[in-house]
Amino acid sequence: MDWNAQFEMFMPHGMCLMWRPGLMSLHVVSDGLIALAYFTIPFALWRFVRNRNDLEQKHRALALLFAAFIAFCGLTHVASIVVLWLPMYVAEGWLKAATAIVSMATAGFLIALIPQALKLPSLESLQREIAAHRQTMAALDAARAALSARVDRTEGELRVAEQHRHRSLALLNTLVETMPGPIYAKDRSGRLLLANKATLDLIGKEWPAVEGRRDDDFLADPRQAELVMANDRLVMESGAARELEEVVHHPDRGARVYLSTKVPFRDVDDGIAGMVGVSIDITERKQLSKELLHVSRRSAMGEMATAIAHEINQPLAAIALYLDGSTALLARGRYDGPVTRSLGLAKDQCLRAGDIIRRLRSFVSGGDAVRRSENLPRLVDEACDLALVGAREAGIATSIVHDAHDLPVLVDAVQIEQVIVNLVRNAMDAMAETTDATLHVRTGRAADGMVMVSVADNGPGIAAAVAGRLFEPFISTKGLKGMGVGLSICRTIVEGHGGKIWVDDDAGFGATFRFTLPLSAPQATASAPQATASAPQATA
């Protein structure tokens, strides 16, 4: 339809109202106020949406769509006023059609949001929820205040505890650093975790040079380091404290003997994390003890020798008398019974003297001797230090080899040292005329739970006729000067300890003396002091 034709075809709506002023005014004012209200509402909605950034996108779209619907409604009321004078019914119709479309879209959108709107709480429920939240916040504030007070108290207690800890650490550090002996701690791998000043003085290094390192990294003697580390492993593997004697070379004072008490320490899971040790230098005490023991034994042996000498003198005097008589009879050419009887009596008196000597040896090596669990390699090293004095000046080369460094034996240390000293000095005497003289001393395990010590020389060897009687008393054969009595005493000592002694002879190429001792059983050493695990030290 032509837009202009509508003005010719239709008449204004005012004609329907008969142009009555009162009725016209009623429609104009009513539609105008409705249109004004409708135009105000979209503006308010637009402002609301603009200032509410927290609205969801669908809610924002609904508000704008509703604003458009209201605006179109306002336009229809404006159109109602216009058609009172201008018959623009076609335009008004299209305007109402647009309004209908917007209205339907708004209604559809609104219907889709109704389920969600129904879920929205009512004002009363919101008020109850707000009241509950306020109570919760009040309870939280009270709990927060109580927690804050408790935190303040705990922090105060922690500060006091920290002060006590610092004071305790300071006291402990002062105590550790001022102790005269070494105090140290190591982990399971033997790495140093703590060392006081005495320990660092013994090592001869500063803490940065030894921290986290093992004994074999900073001790000069590898054998000493290995023995100390073996003791540490023994403590950590057994999980029990142990008291041991150890020898460590001091950079200024030489070899020192330490009495070490070592205790394992545990981690939070109760596993062995390492060990802590305290050592006391007992070198002077050990030397004094040995000197007193030697003095005591020399005094006792001197008194005993005086008494025995008087008893032995009688059969020896009788032997001399019978031999004189036999010599006189032989000089007169009498070879009959008197000579035989004299020689027989002399033999009897020799046997009597031998019996006296055997009883003397039995008394000296009897049950009164103090036996302790000792480390055989250490005993051999100490005895050799004593016996080999002057060996270098005599041109004798020496070799001391230990197949194992931990060979515990239950012995009288002084007696076993006497055996070793005797065998070593006999070997040195046997090589007095030997060129390139060489002495070999060796320790190791033997069969049947025994340990063995061998002393070998490259001297002239021992005559076969003498070798079988070598350990019997009073052998005085040319070439075996001074060996008879000493070796018989060695035999008595070794057999008194449950061992055996013998000689392997290679005539013309030297001799090897060997003796065995029983290896200490665990039950035999349980009540005895801990075995000494140490490197060789000089004997005072």
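Select Phe43 first: at 53% relative accessibility it counts as exposed. Exposed means over 50% relative accessible area, buried means under 20%, and partly exposed lies in between (1.4 Å probe, protein chains only). Helices (H or I, at least four residues) and strands (E, at least two) are DSSP runs, numbered from the N terminus.

Two notes on the model. It is predicted: local features need pLDDT of at least 70, side-chain atom pairs count only at pLDDT 80 or more, and totals for chains, interfaces and linings use all residues. Residues are numbered from 1 along each chain as its sequence is written, and side-chain values use heavy atoms, with hydrogens and water left out.

**Aromatic pairs**

The whole structure holds 4 aromatic pairs. Rings of Phe, Tyr and Trp (its six-membered ring) pair if their centres lie within 6.5 Å; planes under 30 degrees apart count as stacked, over 60 as edge-to-face and the rest as tilted.

Select Phe10 and Tyr89. Their ring centres are 5.8 Å apart and the planes stand at 85 degrees, so this pair is edge-to-face. It links distant parts of the chain, 79 residues apart: Phe10 sits in the loop between α1 (6-9) and α2 (21-51), Tyr89 in helix α4 (residues 89-119). Phe10 is partly exposed at 32%, and Tyr89 is partly exposed at 26%.

Go back to Phe43 and Trp46. Their ring centres are 6.1 Å apart and the planes are at 35 degrees, so the pair is tilted.

**The sheet**

Next, show the 5 strands of the open sheet, in the order β2-β1-β5-β4-β3, with antiparallel pairing. Two strands pair if DSSP finds at least two bridges between them. Look at the edges: β2 (192-195) and β3 (242-250) each have a single partner strand, so one side of each is left without a neighbour in the sheet.

Zoom in on β4 (residues 254-266) and β5 (residues 272-281), which pair over 9 bridges. Pick Thr261; its bridge partner in β5 is Val278.

**A buried alanine**

Finish at Ala383, in helix α12 (residues 376-387). Ala383 is buried, at 1% relative accessibility. Which residues does Ala383 touch, not counting residues up to four places away in sequence? They are Glu417, Ile420 and Val421, where contact means heavy atoms within 4.5 Å.
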